[in-house]
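Dear colleague,

Please find below the structure that I am handing over to you.

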Amino acid sequence: MSGARYSIGIDLGTTHCALSYVDTSASDGEKTTLAVLPIAQLTGPGAIADLDLLPSFLYLPHPDELGSGDLHLPWTGERQFAVGEFARSRGAATPIRLVSSAKSWLCHPGVDRRAAILPSDAPPEVARVSPLESSVRYLTHLREAWDHAHPDAPFHEQDITVTIPASFDPAARELTAEAAQAAGYGRMTLLEEPQAALYSWIQKSGGQWRKQVKVGDIILVVDVGGGTTDLSLIAVVEREGNLELHRVAVGEHILLGGDNMDLALAHVVARKLAAQGTQADAWQLRALTYACRSAKETLLSEPTTDTVPLVVPSRGSKLIGGSIRTELTRAELTQTILDGFFPQVDSAARPVSRTRAGLTQLGLPYAQDAGITRHLAAFLGRQVGALAELEGLRETAADASAQGASFLHPTAVLFNGGVFKSTLLVERIMSTLNGWLAAEGAAPARLLEGADLDLAVARGAAYYGYVRRGQGVRIRGGTARAYYIAIESAMPAVPGLEPPIQALCVAPFGMEEGTEAELPAQEFGLVVGEPVHFRFFGSSVRRQDQVGTLLDFWGPDELQELEEIQATLPASGRTSGEVVPVKLHARVTEAGTLELEAVPRGTDERWKVEFDVRGNANA
Amino acid sequence: MTDSNPSFLGRISLAVSAFFRILGDGEFAAAVLRVRDGGAAAQAQTQAQTQTQAPSQAPKAAPTLKEASPDAALQLLGLLQRDARFIDFVEEDIKRFSDADIGAAARLVHEGCRATLREHFTIRPVRDEAEGSRVTLQEGFDASAIRLTGNVVGRAPFVGSISHRGWRVDDVRLPKLAESHNAKVIAPAEVEL
């Protein structure tokens with residue numbers, strides 16, 4: 001497919017980035033040579049170290065704050081900002097200059113992603129950056145670190161795979177691709193993170209995975225990262241005598257991850273301290289969050305330990321006199337993490353959503369219900385019919401619906417993300433899920449062992465680039481949503497009510513990379529020279545709709561409104577204000593982004609329809 | 001990275017890593033010695049070829065003591081202070097505090113020191129046998145890696161029991177420093193605005 005020597009996988013995470021690569025010249029079939037690049041980065045002023053992870057933080061220092069040369073990197077002395085470990089540690093004491101969670105902002109429908117809005121609480125004199133720009137800076141740093149370490153194999157000549165949450169909508173995908181483009185990523189493909197985790201598991205097994213799964217298996221991937229929770233279902237089917245993997249469904253976007261758990265614990269401990277008369281300030285709360293993280297890991301990995309002492313050091317040089325001492329108990333952990341984030345609920349449970357106060361738009365739209373198991377129940381319930389359309393699994397699907405299954409029954413589970421180093425959390429999810437399965441008379445799901453929880457996504461992405469060349473098994477599935485635009489219904493409007501709308505399918509479910517949807521029959525009038533907006537919808541369950549399908553009504557769970565799309569027909573060769581009939585045409589690029597084009601009647605012209613990422617969606 | 005003419009920064013890091021490796025790795029030290037004396041040795045060789053009969057019995061020069069570079073030591077102190085509050089702990093007067101108070105702070109310092117050591121050094125025991133087990137040391141054992149104590153008489157092979165397994169550093173990964181970096185400031189004063 002290409003002559004690049006390396007297939008590079010990049011995990012562009014909410015809290016950490018990682019880079020892994022496959023040397024294709026030293027790999028053959030399922031025997032692959034895979035490595036992780038230690039990323040050169042600032043770890044202190046003027047100090048450079050190579051670390052496996054690049055923390056996804058950007059620090060914008062004051063001009064007087066650092067000496068000259070303190071921000072120099074091995075490959076440049078021109079940087080005015082810091083990325084990585086130094087940015088993270090420096091920013092902890094000066095949060096007004098720290099950009100964090102840029103990835104969550106990149107998919108925040110309430111803000112303009114190209115506008116300089118971060119850090120969101122920075123004073124006016126700090127030159128803010130856009131969520132897009134900060135992603136560009138992380139990606140650029142990774143490219144430069146690679147080029148510095150591999151001067152003989154320039155980054156832009158290699159095959160690059162960048163991972164995104166499976167739940168990213170088309171606009172967020174396109175923004176990620178745009179960031180990669182701006183960072184100098186020439187040959188770039190997007191890959192969903194849960195798929196990357198499964199690829200990594202396959203790669204690590206060195207061919208043994210075929211013994212651990214069988215035809216008819218439905219693998220549930222539960223990926224809890226630092227900032228997001230991502231769910232996917234991947235079916236194992238047989239085609240022409242070979243095992244084939246088919247991604248059948250992805251979950252909603254859940255902005256909830258390991259960092260929220262650490263913060264929740266820190267607040268529990270801070271409340272306990274406050275009750276004892278010690279008020280933790282902002283600096284101490286951060287230190288407490290850090291201490292809680294390691295205490296959490298101890299309690300979750302050592303079932304016999306009941307309390308872990310916590311020490312919050314004083315800020316001054318008096319360490320012993322000024323430190324705050326407290327402890328984290330197992331009861332607190334169980335209540336906060338297990339019951340708060342992984343409650344034992346039944347399969348009919350659904351996440352609670354409250355109406356939000358208007359002010360929450362200023363921050364990130366964190367998931368309103370922290371119960372990951374409730375989100376899981378909702379996901380499996382919504383996807384109960386996901387197998388009906390899949391060749392080779394129809395019988396399984398028919399059996400299940402004959403027995404009155406109320407949710408889709410996974411047969412195996414793969415975990416990803418650092419929080420699952422804890423066997424307690426793995427057991428909690430497995431026992432909850434197996435409880436649901438037992439209630440419907442289904443066999444318990446198996447745990448797929450041997451995953452690399454921290455670096456699986458980057459590793460899997462590198463392996464995917466290798467698989468794309470025709471080596472090894474590939475996960476099929478295409479787009480996990482069908483897409484619709486709203487058109488005004490011909491029904492008579494009722495005064496005072498919004499006119500009823502219909503949804504017209506423009507891109508069906510399961511479009512593979514590099515494919516085009518057919519042209520729909522319907523035409524729209526575009527006014528030359530004026531932007532025209534369409535309301536845009538996605539559905540993760542309507543697998544049967546084809547291009548041109550017109551929906552008159554739909555359930556609240558069936559269609560989700562996404563950001564508006566906007567088409568502008570330039571005036572060249574036309575009179576401004578003229579109305580031109582166009583058709584909307586969808587295609588999925590090789591990189592994995594959805595593109596919509598307006599095709600004027602009777603011409604070969606194609607005008608790109610943009611996703612409106614300026615944050616005026618009704619979401 | 002086979003740069004035939006490394007940058008100044010590169011040379012600093014090379015010097016630092018070489019320094020620690022020379023300390024920890026006898027073979028490496030010998031190799032460095034050979035490289036250092038290589039020029040002279042080559043010269044001596046050509047001379048020896050021209051005057052084949054000349055005896056090469058130069059008088060043994062007095063050993064030169066090498067100066068330890070303070071930068072790496074300062075850098076390590078800085079890391080221990082940053083990640084383990086090491087200087088704060090050692091500089092504090094602990095007489096007036098209870099053992100419980102000191103113990104709480106020691107936990108923090110211990111955790112930080114351990115993380116720092118594990119991040120920047122690969123440390124493993126010199127001898128893998130359990131302490132207390134009997135070992136035999138053959139002639140030519142590395143006297144810099146094994147110290148004989150007690151009834152040290154006779155000649156190799158020596159038989160004794162391990163009272164301490166020893167520690168050796170296999171790898172040092174200290175951050176590289178910018179030229180302008182002032183290593184003497186191991187913890188900057190903090191002023192909150």
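Helices (H or I, at least four residues) and strands (E, at least two) are taken as DSSP runs and numbered from the N terminus. On that basis, chain B reads α-α-α-α-α-β-β-β-β-β along the sequence, that is, five helices and five strands.

Please note that this is a predicted model, in which local features need pLDDT of at least 70 and side-chain atom pairs count only at pLDDT 80 or more, while totals for chains, interfaces and linings use all residues. Residues are numbered from 1 along each chain as its sequence is written, and chains are lettered from A and ligands numbered from 1 in the order in which they are written.

Chain B has 193 residues, of which 12% are buried (20 or more other C-beta atoms within 10 Å of the residue's own; exposed means 12 or fewer, partly exposed in between, with C-beta atoms placed from the backbone). Of the contacts in chain B with a separation of 6 or more, 69% join residues 24 or more positions apart; a contact requires C-beta atoms, placed from the backbone, within 7 Å.

Between the chains, 21 residues of chain A meet 19 residues of chain B. On the side of chain B that touches chain A, α4 (86-91), α5 (99-120) and β5 (176-177) each give two or more residues, and α5(B) provides the largest share, six residues. This side of chain B comprises 10 nonpolar, two polar and seven charged residues, where Ala, Val, Leu, Ile, Met, Phe, Trp, Tyr, Cys and Pro count as nonpolar, Asp, Glu, Lys and Arg as charged, and the others, Gly among them, as polar.

The two chains also share an open sheet of three strands, ordered β4(A)-β5(A)-β5(B), with antiparallel pairing; strands pair if DSSP finds at least two bridges between them. Because β4 (39-44) of chain A and β5 of chain B are the edges, each with a single partner strand, one side of each has no neighbour in the sheet. Strand β5 (residues 47-51) of chain A is joined to β5(B) by two bridges, and A47(A) has L177(B) as its bridge partner.

Chain A also contains an open, mixed sheet of six strands in the order β18-β17-β12-β13-β14-β19. Its edge strands are β18 (446-447) and β19 (475-476). Within this sheet, β12 (residues 218-224) and β17 (residues 412-416) of chain A run parallel, joined by five bridges; V221(A) is partnered with L414(A).

Yours sincerely

Terms used: Two residues are in contact if their C-beta atoms, placed from the backbone, lie within 7 Å.
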